[in-house]
Amino acid sequence: MDYYLQLTSALEQSGRNYDVDVIKKAYDFANERHAGQLRRSGEPYILHPVAVAELLIGLGLDNACVCAALLHDVVEDTRTTIGEVRTLFGEETAELVDGVTKLTRLPTSSVEEEQAENLRKMLLAMSKDIRVMIIKLCDRLHNMRTLEYLPDQKQRDKARETMEIYAPIAHRLGMSSFKEELEDLALKYLDPHAYDEILQTLADLDEKNGEFTREITAELKEQLALSGIDRAEIQSRKKSVYGIYRKLFIQGRSMEEIYDIYAIRILVDTVAECYNALGVVHDLYTPIPKRFKDYISTPKPNGYQSLHTVVIGTKGIPFEVQIRTREMDHSAEYGIAAHWKYKDNLKGKQKEETFAWLRQLIENQQDSEAEDFIKNIKVDLFAEDVYVFTPKGDVITLPQGATPIDFAYAIHSGVGNSMVGAKVNGRIVNIDYQLNSGEVVDIITSKTAGGPKRDWMKICKTGTARNKIKQWYKKERREENVQHGRQELERELRVNLLWDDYLQDDVRAELLKRMELSS
Ligand code: MN
């Protein structure tokens with residue numbers, strides 16, 4: 001197999017202007033350094049860096065990324081130093097290789113504290129240059145695709161790490177096709193029995209429902225055209241294996257209760273056409289109440305935009321319909337990586353927003369202990385979100401299960417610390433009320449509030465709220481301690497009959513001076 005040929009044909013197919021000379025130089029260098037090394041499959045090692053480079057080319061990433069992909073294991077696995085890479089390929093590529101090497105070197109550990117530390121480093125590396133994380137995700141995807149060659153225990157370790165860390169990161173970066181493939185591959189090794197069972201069930205369903213999606217597609221295409229939306233593209237897809245697994249085993253539903261196993265995706269040109277197409281869909285099929293979601297007017301925090309609805313088709317088979325513009329679709333599939341493919345680079349405000357969640361995670365964890373951090377980050381990465389409104393109409397995004405406490409601290413720690421109650425849609429609710437999307441939340445505050453209650457830390461869902469409450473208690477305890485110290489001092493002085501002397505300013509000043517204290 002000529003791996004170089006494979007690489008150049010990927011470069012050609014991309015239709016982009018890559019610097020083939022420098023990429024060839026990187027390929028030759030990596031090929032020479034990895035010479036003699038084999039993958040577990042018995043194939044030459046170079047096939048792995050080439051496969052990672054191909055994934056990045058597919059995502060439309062730049063020259064430096066493709067070179068870094070080819071070189072991503074030379075520092076880790078050969079005698080090469082990062083200095084050599086820098087001299088030969090320049091600062092930018094060297095920085096990327098160095099970042100990926102550092103991520104690779106993070107030891108995987110079952111000890112929570114270490115795991116938290118690794119996560120923190122990973123996130124910091126990411127916030128410095130997001131391309132490092134995209135290269136790492138491609139590296140992990142190729143390793144997961146070829147996981148069958150590793151020993152059993154290694155398979156499970158890698159699969160767990162993929163499920164707990166890499167898939168959520170891909171999700172947060174909006175790279176849904178990566179996320180789904182990583183999850184499905186991980187599940188295959190973590191719960192092989194369930195994985196096979198779901199695959200079999202899906203195959204059975206296909207046989208039973210046969211022409212179903214083809215009929216729907218044809219019908220929709222015709223009706224959309226009649227409504228003047230003649231450039232609509234209709235795709236049909238099935239829910240991912242892990243997506244079904246979650247509903248079956250984590251949410252405890254039965255196969256019949258999963259309404260979105262089949263999804264029809266309608267791609268159009270404009271936002272107006274999205275809403276028109278929705279009208280056509282709801283005319284044609286019966287919508288299931290409360291299953292309509294408008295992520296176009298209220299995008300998900302990772303930037304995802306689409307209309308979702310669930311309808312009942314012919315033969316009574318429910319299916320989900322996702323409607324979005326072609327541009328939204330590119331972003332939904334490739335997330336942050338789409339910015340390289342369809343624009344030259346991330347710019348200005350968009351970049352700011354994309355990284356806001358990341359900055360917040362890192363800021364939040366500065367004050368919390370290791371176990372807290374890993375718990376917080378897991379909640380923050382995994383949670384499905386709810387969107388609630390301030391009385392002024394600003395949207396606040398919170399994880400599912402969030403309470404008025406989370407809402408209050410999301411606005412400002414001052415609001416949380418002086419909260420005495422909350423109203424949802426104008427009605428007083430308990431402090432542990434679980435907020436739902438679309439609700440208007442009004443926090444009632446009082447200047448005489450005694451500060452947060454300790455049990456709020458158990459009720460709240462977000463790391464932000466928990467940390468802010470903890471900070472308040474830290475500060476509060478300082479004042480308690482000062483108070484306590486004063487009482488102790490007074491008691492000692494009284495016992496020794498020195499209290500009256502101590503109360504005289506000049507005696508106290510002399511004392512402070514002699515003891516070198518400021519107050
Ligand atoms: Mn690798």
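Start with Tyr245, in helix 13 (residues 241-250). Helices here are DSSP runs of H or I, at least four residues, numbered from the N terminus. This is a predicted model, in which local features need pLDDT of at least 70 and side-chain atom pairs count only at pLDDT 80 or more, while totals for chains, interfaces and linings use all residues. Residues are numbered from 1 along each chain as its sequence is written, and side-chain values use heavy atoms, with hydrogens and water left out.

Tyr245 counts as buried because its relative accessibility is 15%; buried means under 20% relative accessible area (1.4 Å probe, protein chains only). Show its contacts (heavy atoms within 4.5 Å). Leaving aside neighbours within four places in sequence, they are Leu187, Asp191, Ala194, Ile198 and Ile250.

Next, select the manganese ion. His48 (NE2), His72 (NE2), Asp73 (OD) and Asp139 (OD) coordinate it at 2.2 to 2.4 Å. Donors are N, O and S atoms within 2.8 Å of the metal (3.2 Å for Na, K and Ca); water is not among the atoms, so sites may look incomplete. Asp73 sits in the loop between helix 4 (63-70) and helix 5 (74-77) and Asp139 in helix 8, so the pair ties together parts 66 residues apart in sequence. Asp73 is buried at 5% relative accessibility, and Asp139 at 4%.

Now the largest nonpolar core, with 103 residues. Such a core is a set of buried Ala, Val, Leu, Ile, Met, Phe, Trp, Tyr and Cys residues joined through side-chain atoms within 4.5 Å. Leu7, Leu71, Leu137, Ile266, Phe319 and Ile323 touch the most other members. Helix 8 (residues 130-145) gives the most, nine residues. Apart from this core lies another, of 23 residues, including Met419 and Tyr473.

Methods:
Buried means under 20% relative accessible area, exposed over 50%, partly exposed in between (1.4 Å probe, protein chains only). Helices (H or I, at least four residues) and strands (E, at least two) are DSSP runs, numbered from the N terminus.
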